[in-house]
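Thanks for making the time this morning.

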Amino acid sequence: MLNQLFTELDLSAIYLTLKLAGITTFILLIFCPPLAWWLARSKVFFRPFVESLVALPLVLPPTVLGFYLLLSFSPESSLGSFWLKMTGNGLAFSFSGLVIASLIYSLPFVVQPLQSAFVNLDKSYLEVAKTLGFGPIKTFYKVIIPMTLPSFIIAASLGFAHTVGEFGVVLMIGGNIPGETQVLSIALFDHVETLQYEQAHTLAFSLLAFSMLLLMFIYGVLQKRQQRLNNG
C-alpha cells in the first residue's frame, strides 16, 4: 500500500526522517535531563546566559542557524577539520552533520518541558529519598523520573516532531541528496519545485496527520496528568 502512495524516493525520505528524528531524540533524552536539572536548580550568575543559548533556536531564523552551522562544519573550521581527520568524511552535507544540527535546533524543545517539571517538583520527595539513603543517581531513577514522566513523554514527542518538520537548517546543512540528506520536508519542497503537486499533497497531508496525532497524544497526556493531580 505504501508503494502505491509514495515513490521510492519518498519512502527513502520517510525512512531517513524517522531515523534522524529517532537518533536525535534518543541522544537528547540522555544529556538534556542533567542540563534541565541544572537550569532548574542552579543559582549561579551565568545561568541566564546558558538558558539563552539553549533557547536561541526558538527565536533565531533557521537559515541563520544553518548558515553558522555550515561554516562550523566546513573542512576549514576546527570542528570540520577534526571530523574529516577522524572519519575521512566531511561533516557538511552528510547524515552525521544533520544529526549534530538536529541536536542543536531541537535542544530547547526537550530541555524546556523538563526544566519546567523539575522547577515544580516537590522538594519533600527529594528530602524523603535522602533520608532513605538514596544517592543522586538512584533518586533520579527512582523518584524524579516517575514523578515527572509525563514531561519526559512531552519532551521526547516535541523533540521528535520538531526534528521531523525542520526545513531551513536541514536545507542549509544537508542540501538535497537522496538517500543521504533528503528528509521529508526537503522531498516535499522538491516535489513542489518540480510541479509534482499530487506527490507533494501526499507528503504534506502525511505530515499534517502526523502532527495532529502527535498533538492529540501530548494533550491527552497533559489531561490525564491534570486529572491525576486533581484527584490526588
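Predicted model: local features only at pLDDT ≥ 70, side-chain atom pairs only at ≥ 80, totals over all residues.

Let me start with Asp10, which sits in helix H2, spanning residues 8-41. Asp10 is buried and yet has no salt bridge, the nearest side chain of opposite charge being that of Lys19, 18 Å away. What is Asp10 in contact with, once its neighbours within four places in sequence are left aside? The answer is Ala187, His191, Gln199 and Leu203.

Now to the backbone. Most residues other than glycine have a negative phi, and with that in mind I would point to two residues. Phe93, in the loop between helix H5 (78-87) and helix H6 (95-105), has a positive phi near 60 degrees, and its relative accessible area of 43% makes it partly exposed. Leu195, in the loop between helix H12 (184-193) and helix H13 (197-231), likewise has a positive phi, of about 65 degrees, while its relative accessibility of 58% counts as exposed.

Finally, the surface. Trp38, Val44, Phe45, Phe46, Phe49, Leu53, Leu56, Leu58 and Val59 make up a nonpolar patch of about 930 Å². Which helix gives the most to this nonpolar patch? Helix H3, residues 47-59, does, with five residues. Phe45, also one of the patch residues, is found in the loop between H2 and H3, and at 75% relative accessibility Phe45 counts as exposed, because the cut-off for that word is over 50%.

Conventions: Residues numbered from 1 in each chain as written. Heavy atoms only, no water. Helix = DSSP H or I, 4+ residues; strand = E, 2+ residues; numbered from the N terminus. Buried < 20%, exposed > 50% of the residue type's maximum accessible area, 1.4 Å probe, protein only. Lys, Arg positive; Asp, Glu negative; His and termini not counted. Salt bridge = Lys/Arg side-chain N within 4 Å of Asp/Glu carboxyl O. Contact = heavy atoms within 4.5 Å. Patch = residues over 30% accessible without salt bridge, like charges linked within 9 Å, V, L, I, M, F, W, Y side chains within 5 Å. Areas by Shrake-Rupley, 256 points an atom, 1.4 Å probe, with all protein chains shown as cover.
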